[in-house]
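Q: Please go through this structure with me and say what stands behind each term that is used.

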Amino acid sequence: MGVTEAAQIPKQRGELLLDNAVRYAEERHWDVFPGTWLEAVEGRERCSCGADECPAPGAHPARPDWSTQATGSAVGARRMWSKQPKASILLPTGRTFDAIEVSESAGFLALARMERMDLTLGPVTCTPDRRMFFFVLPGAAVKVPDLVRKLGWVPSSIDLTTRGEGFYVAGPPTRVGGSGAVQWARKPTAANRWLPDAEELISALAYACGREAADARARKG
């Protein structure tokens with residue numbers, strides 16, 4: 001078997017989750033903790049939590065004390081995912097980063113604008129339910145509503161929220177239900193190790209969300 005052929009054989013899913021969880025802790029110094037996972041039951045996939053109507057199948061905390069379970073240790077991450085290789089990778093917000101959440105359509109519009117403005121971006125995830133999360137410095141959850149108001153928007157009128165202390169986001173390649181896996185729209189790299197402040201991105205994000213909200217109102221009208 002040649003090198004090229006061998007490289008095309010994908011790793012088992014459990015190995016991929018474990019490797020990524022360890023890498024997030026080791027290379028990015030992000031806290032990680034294992035969440036629920038998907039199980040095959042009667043020919044369909046369901047969440048390991050057992051709930052028939054689970055809102056985030058395979059991608060939510062498996063225990064109430066998840067915040068104390070989270071670790072920034074690569075050794076700790078390897079130990080936890082070795083016990084349950086199929087567990088989702090969950091990343092607590094409010095510690096090394098907060099995350100600004102917008103719709104996928106607004107997120108890609110904002111990304112294009114940010115790149116034209118030559119803004120420094122942090123990592124950005126894209127979820128199967130068409131949401132995007134922009135990683136920014138901690139503290140964003142507290143100040144984003146005021147920043148949005150200063151730009152002339154009513155926070156509740158646009159689809160833009162922030163996750164800070166006490167919340168989490170799912171890290172790639174976590175699968176959510178049967179709809180696919182969380183992916184990187186902008187991967188973590190050496191170039192984006194230093195995260196931007198929310199103030200640097202909020203103008204482009206609020207504009208994109210405001211435009212989307214205006215378009216939605218126009219369609220209803």
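A: One term comes up throughout: contact means heavy atoms within 4.5 Å. Helices (H or I, at least four residues) and strands (E, at least two) are DSSP runs, numbered from the N terminus. The model is predicted, so local features need pLDDT of at least 70 and side-chain atom pairs count only at pLDDT 80 or more, while totals for chains, interfaces and linings use all residues. Residues are numbered from 1 along each chain as its sequence is written, and side-chain values use heavy atoms, with hydrogens and water left out.

Q: What covers the buried residues of helix H5?
A: The cover includes strand S5 (98–103), strand S6 (124–126), strand S7 (131–136), strand S10 (183–186) and helix H7 (198–220). The residues of H5 that are buried (under 20% relative accessible area; exposed is over 50%, partly exposed in between, with a 1.4 Å probe and protein chains only) are Glu104, Ala106, Gly107, Ala110, Leu111 and Met114.

Q: Why are the buried residues of H5 said to line one face of the helix?
A: Seen down the axis of H5, they fall within an arc of 150°, so they line one face. The arc is that of the directions from the helix axis to the C-beta atoms. An α-helix has 3.6 residues a turn, so residues three or four places apart point the same way.

Q: How does the reach of H5 from its first C-alpha to its last stand against the expected span?
A: The expected span is 1.5 Å times one less than the number of residues. H5 (residues 104–116) has 13 residues and reaches 18 Å, close to the 18 Å expected. Just after H5, Asp118 takes a positive phi of about 60°.

Q: What makes the pair Arg163 and Glu101 a salt bridge?
A: A salt bridge is a side-chain nitrogen of Lys or Arg within 4 Å of a carboxyl oxygen of Asp or Glu. The side chains of Arg163 and Glu101 meet at 3.4 Å, N to O, so the pair meets that definition. Arg163 lies in strand S8 (residues 160–163) and Glu101 in strand S5, so the pair ties together parts that are 62 residues apart in sequence.

Q: Which parts does the salt bridge of Arg131 and Asp159 tie together?
A: The two side chains meet at 2.7 Å, N to O. Arg131 lies in strand S7 and Asp159 in the loop between helix H6 (140–150) and S8, so the pair ties together parts that are 28 residues apart in sequence. Salt bridges that share partners join Glu101, Arg131, Asp159 and Arg163 into one network.

Q: Is Arg131 called buried or partly exposed?
A: Arg131 has a relative accessible area of 16%, so it counts as buried.

Q: How many salt bridges does a search of the whole structure find?
A: The search finds twelve. Another of the pairs is Arg63 and Asp65, at 2.7 Å, N to O. Arg63 counts as partly exposed at 39% relative accessibility, and Asp65 is partly exposed at 31%.

Q: Why is Asn192 called buried?
A: Its relative accessible area is 6%, so Asn192 is buried. Asn192 is found in the loop between S10 and H7. Residues that Asn192 touches, not counting those up to four places away in sequence, are Arg28, Leu121, Gly122, Pro123 and Lys187.
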